[in-house]
Amino acid sequence: MINKFIRLLNKYDNIIIFGHMNCDGDCFSSQIAMYEFIKNNFKNKKVYLVGSGVEKMFSLFFKPHVLDDEIFFSSLGIALDFNEDYRCEDQRIFNCKELAVIDHHNVGPHSINNTSFSYIDNSASSCASLLYKLLVKKCFKISNMMLTALFYGIVADTNRFMYLENDLRSLTICKKLIKLGVDYKSVYQNISLTSLSSFKVTSYIYSNFKIDNKVIYCVVPKEIKNAFLDVGYIGKYVNTLGNLNGIEVWILFIENDDDTLTVEFRSKSVGVVSIAKKYGGGGHNLACGIQKINFKNDLISNIIKDINKVLNGEGI
Ligand SMILES: [Mn+2]
C-alpha cells in the first residue's frame with residue numbers, strides 16, 4: 001500500500017493537504033504529520049496544508065497556509081480524517097488533478113469517488129493511527145514534530161484513551177511514539193487548554209446548578225448563550241455536571257431566542273429516554289434530549305419530578 005502512495009506522491013511537484021470543516025485535534029494533527037512526512041522525504045516538492053486548523057495547536061506546530069486558487073489545478077490533494085465531499089473545509093480540493101483519501105470514518109453516501117489512493121479503515125480510533133501504520137517505517141525520515149502530531153491525534157480522538165472501542169493498537173502505537181521521544185506532557189498540556197469563553201461558560205454552569213435528590217441541572221438563559229456564541233452549541237457542556245459523586249442524572253436546559261428550551265439529558269445507568277420522548281424529544285437511553293419545547297413555568301419542575309420517579313423505579 002505504501003508503494004502505491006509513494007508512486008502517487010512522486011507524480012506531483014505540488015501537494016496540498018486538506019482537513020474537514022470544524023477541524024479537530026485528530027484532523028489537524030494528521031495534516032501536520034503528513035506535511036512533515038512529505039517535506040522531509042521529498043526535498044524537491046512543495047507541500048501545503050490548508051483549512052482553519054486548531055488555533056491552540058499553532059504554538060506546538062504551525063499555522064495552515066493561505067493559497068491562491070491557481071495552484072490547486074496542478075496539485076495532488078490529500079484528504080485526511082474525512083471521506084465525504086461536503087465535509088471538506090476547502091472545497092477547492094475538487095480542482096486538484098488527483099486525490100488521495102485517508103480516513104477512519106464510515107464510508108458515507110457522499111464519499112469522494114475517483115480517488116487515486118484510498119485508505120479507509122473505520123476500525124481505527126483515529127486518522128493519526130492510520131498515518132502511523134502507513135508512514136512510520138525505517139526507510140523514511142520521520143521528524144519529531146511528525147511523531148508528536150501522531151500522538152496528539154490519537155490522544156485527541158480517543159479522548160485520552162477513554163474511547164478505545166476495539167482499537168487497542170492505538171495504545172501500542174502511543175507506547176512506541178513515547179519511546180521514540182514524543183514529549184507527551186506538552187501534548188497533554190496543549191489538549192487541556194481551553195478558551196476564555198469556554199472557561200466562562202463552564203464557570204457559569206458551576207455557579208448556577210441546582211440539585212434535586214440525585215438529579216443535577218442548570219438553566220442557561222439566552223443572554224448567557226448569546227454572549228458566548230463562539231463556543232458553539234452550549235448543550236455540549238452538559239457533561240460539566242456529570243462528575244459529582246452521588247449524582248445519577250445531569251441535565252442542561254438551554255433557553256432559545258424564541259423562548260423555547262433545548263434540553264440535554266445524561267444518565268449514569270438508568271434509562272431516561274422515556275422522559276425525553278414524553279416531552280417530544282428522543283435519543284439514546286443514557287444520552288438524549290429535546291430539541292425544542294415551549295418554556296412554561298412548571299416545565300422544568302415537571303421534568304425533574306419525572307426523572308425522580310424513573311430513578312425511584314416508578315412509572316411516569
Ligand atoms: Mn478523526
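Biologist: What covers the buried residues of α3?

Modeller: Keeping in mind that this is a predicted model, the cover over the buried residues of α3 includes the helices α2 (25–41), α4 (144–157) and α5 (169–179), together with the strands β3 (75–80), β4 (98–103) and β5 (117–120).

Biologist: And how many of the nine residues of α3 are buried?

Modeller: Helix α3, which spans residues 127–135, is mostly covered, with seven of its nine residues buried. Those buried residues are Cys 127, Ala 128, Ser 129, Leu 130, Leu 131, Tyr 132 and Leu 135.

Biologist: Let's change topic. How is the protein divided into domains?

Modeller: There are two domains in the division, with domain 1 covering residues 2–192 and domain 2 covering residues 198–311. Taken over C-alpha atoms, the centres of domain 1 and domain 2 are separated by 36 Å.

Biologist: I also see an open sheet; what is the order of its strands?

Modeller: The open sheet has six strands in the order β6-β7-β8-β9-β11-β10, and the pairing within it is mixed. Its edge strands are β6 and β10 (282–283), each of which pairs on one side only.

Biologist: What do β6 and β7 form?

Modeller: They form a hairpin with two residues between the strands, and Asn 213 in the turn has a positive phi of about 55°. Strand β6 (residues 210–212) pairs with β7 in the antiparallel sense, over three bridges. If you want to follow that pairing residue by residue, Ile 211 has Ile 216 in β7 as its bridge partner, while Asp 212 stands opposite Val 215 in β7.

Biologist: Then β7 and β8, do they run parallel or antiparallel?

Modeller: Those two strands run parallel, and six bridges join β7 to β8, which spans residues 249–255. As an example to look for, the bridge partner of Tyr 217 is Ile 251 in β8.

Biologist: Is β7 mostly covered or mostly exposed?

Modeller: Strand β7, residues 215–220, is mostly covered, since five of its six residues are buried.

Biologist: Which strands does helix α10 lie across?

Modeller: Helix α10, made of residues 299–311, lies across β6, β7, β8, β9 (260–267) and β11 (287–294), and the helix runs at about 160° to β7.

Conventions: Residues are numbered from 1 along each chain as its sequence is written. This is a predicted model: local features need pLDDT of at least 70, side-chain atom pairs count only at pLDDT 80 or more; totals for chains, interfaces and linings use all residues. A residue is buried if 20 or more other C-beta atoms lie within 10 Å of its own, exposed if 12 or fewer, and partly exposed in between; C-beta atoms are placed from the backbone. Helices (H or I, at least four residues) and strands (E, at least two) are DSSP runs, numbered from the N terminus. Two strands pair if DSSP finds at least two bridges between them. Two residues are in contact if their C-beta atoms, placed from the backbone, lie within 7 Å. Axes are lines fitted to C-alpha atoms, for helices over the stretch in contact, and angles run from 0 to 180 degrees between N-to-C directions. Domain bounds come from an automatic or database domain assignment.
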